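Visitor: I'm new here. Could you walk me through what we're looking at?
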Amino acid sequence: MNGNVKASAAPAETRPGVTPAHRLAALARAEFTLLRRNKLLMVNAFVIPLLPIALLIPARSGGRVPQEAAVIALALLVLVLLLFVVYYNLLSSYVARREELVLKRLRTGECSDAEILLGTALPAVTVALGMVLLMSLVGTLALGLPAPENPIVLLLAVLGGAAVFTSLALITTTFTKNSEAAQITSLPVIGISVLGLPWVADALPQSVGEVVPYLPLAPVAELTMLGWLGLTPGGDRVAFAEIFQLAWQPALVMLAWLVLGAMVAHRYFRWEPRR
Amino acid sequence: MISDDPPVIETTRLRRRYGGESGFEAVSGIDLRIERGELFALLGTNGAGKTSTMEVLEGLVAPSDGTVRVLGCDPVRQRRLVRPRMGIMLQEGGFPTDLTVAEAARMWAGTLSVPRPVATRVRNVLAKVAIDDRAGTLVKQLSGGERRRLDLALALLGDPEVLFLDEPTTGLDPESRRNTWRLIGELHAAGTTVVLTTHYLDEAEQLADRLAILHEGRIERLGTVADVVADHPSEISFDTPDLPLPELDGTTVTTGRRGITIHTHHLQRTLTQLLTWADEHGVRLPGLRASTASLETVFLSIAGDSRSAVTEEVSA
């Protein structure tokens, strides 16, 4: 009997090996086509992220950007990329695919659950990374921003932030009925993220301010300042090597959000509409 | 077909419960064995457990109890091994509505273990279900029947060895339905194992090698159409006559509001007795009807007290 089971478990015909990369590419390609056909999501992905950098144009003096203006612009850039390009757009896509019964169908195919979610997220994360790259080029070459001090930490900030906000999007889908409802259900995450901006945090009463470094956006903003400007939360300038030593703490906070977010999403995420 | 081949699908005491220990049990102990190349139909009323059973066979959920093997594997735990060899058409599966038919099919093909590039394969399968002329149309502009055909096309894209079709022809016009039947027939002839659920008894009669009638999560009948019909009695019915009926051997007689129904396994003999008696006593039997068992009568007798329900409907 065992022999039989084994024999029949081997494919009757040789099927070509299709890697996870193939499957992810197919999903991402379709998702990117869908992004192109949705005006709201297009504006979120390609227009809104330009605004923080546009702020730099009037702030320049003598071809250089004052440090305070650079801090504000970069913090806003990260906020906008993670909230609009990643979080809001993915929330909207995941909910739409769930309600259209696309997620249900995808689960009847060869993709694993993780591949389905990742494939859907790829265009948004790619756009976010692309925007950071574009802005570092345009900002450095044309708008008088300094070149990123430690690009590795900067990349880590954006990628890690994208992962955290993807998991927050997955959690938000559990109480979002359709993609229109996302306009309301996204508000709590948007709210606590805005609190993580450095100057907003400074304006808060001290007792509230103490939790700010642990909010989801705070470590991303902190790592961005470190990686791009070499600037600590205390306002000191540090160089490449030192940046790594200072980066582990916010990176841990980020990791904690990621693990927590992934666990909650895994437990509560629904693949089908509520009946 | 070699008889000691392992079955393509085998379940033992399969159960599926929703909502924990005290929850609703949709599938209550099903034993199935489906051989390679068979076309097997699952029949039953809404809520009989057809889709719940299919979802377990497809590996979308694990059974709450009992075992399931598809192509010798556990379809949930060994999903990677078996899924590439399966094609699944859900009762209700969706497409991203802003993609065209061709884009949706290309996306799906891109996730399957099939030779690349996939463009020719996509064209062929769309032609098979006669939807190739809509390749550039957005999915949201398709009719219900066209969507159903696209559904079928996606299930076929990976050249599956086992094909699961959950109500493949629901919502189709008669012509598309025939076309779908022809297509399923061709796949069957080419050796594909097919498991389908349907509401249409003629569909099962037309296509299936064997079928199971499910009721409240259990298999009530299993076998070929001939097997299933064989042990079901024939039926004679007429309005209540003026004289009481004579003794008729081996029959059950029920008297309802509208008339009398006789169930017998020997239609010709019982009918002869009945008509001889009527003739001798000058009794008229208005509304006299006699019918051998059909898949429909078997199905309706299982699905509930069908005959009286139908009669009430007519009299209402």
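This is a predicted model: local features need pLDDT of at least 70, side-chain atom pairs count only at pLDDT 80 or more; totals for chains, interfaces and linings use all residues.

Visitor: Why are α14(A) and α15(A) called roughly antiparallel?

Guide: Helix α14 (residues 217–229) and helix α15 (residues 240–268) of chain A cross at roughly 165°. Angles over 145 degrees count as roughly antiparallel, so α14(A) and α15(A) are roughly antiparallel to each other. Their axes, lines fitted to C-alpha atoms over the stretch in contact, come within 9 Å.

Visitor: Which residues of α14(A) meet α15(A)?

Guide: Among them are Leu223(A) and Leu226(A), while the α15(A) side includes Leu246(A) and Met254(A). Contact here has C-beta atoms, placed from the backbone, within 7 Å. By class, the contact has eleven nonpolar, one polar and one charged residues; Ala, Val, Leu, Ile, Met, Phe, Trp, Tyr, Cys and Pro count as nonpolar, Asp, Glu, Lys and Arg as charged, and the others, Gly among them, as polar.

Visitor: What makes β5 and β9 of chain B edge strands?

Guide: Six strands form an open sheet in the order β5-β6-β7-β3-β8-β9 of chain B. β5 (86–89) and β9 (218–223) each pair on one side only.

Visitor: How do you know that β3 and β8 of chain B pair?

Guide: Pairing takes at least two bridges found by DSSP, and β3(B) and β8(B) have four, in the parallel sense.

Note on methods
Residues are numbered from 1 along each chain as its sequence is written. Chains are lettered from A and ligands numbered from 1 in the order in which they are written. Axes are lines fitted to C-alpha atoms, for helices over the stretch in contact, and angles run from 0 to 180 degrees between N-to-C directions. Helices (H or I, at least four residues) and strands (E, at least two) are DSSP runs, numbered from the N terminus. Angles under 35 degrees count as roughly parallel, over 145 as roughly antiparallel, 65 to 115 as roughly perpendicular and the rest as oblique. Two residues are in contact if their C-beta atoms, placed from the backbone, lie within 7 Å.
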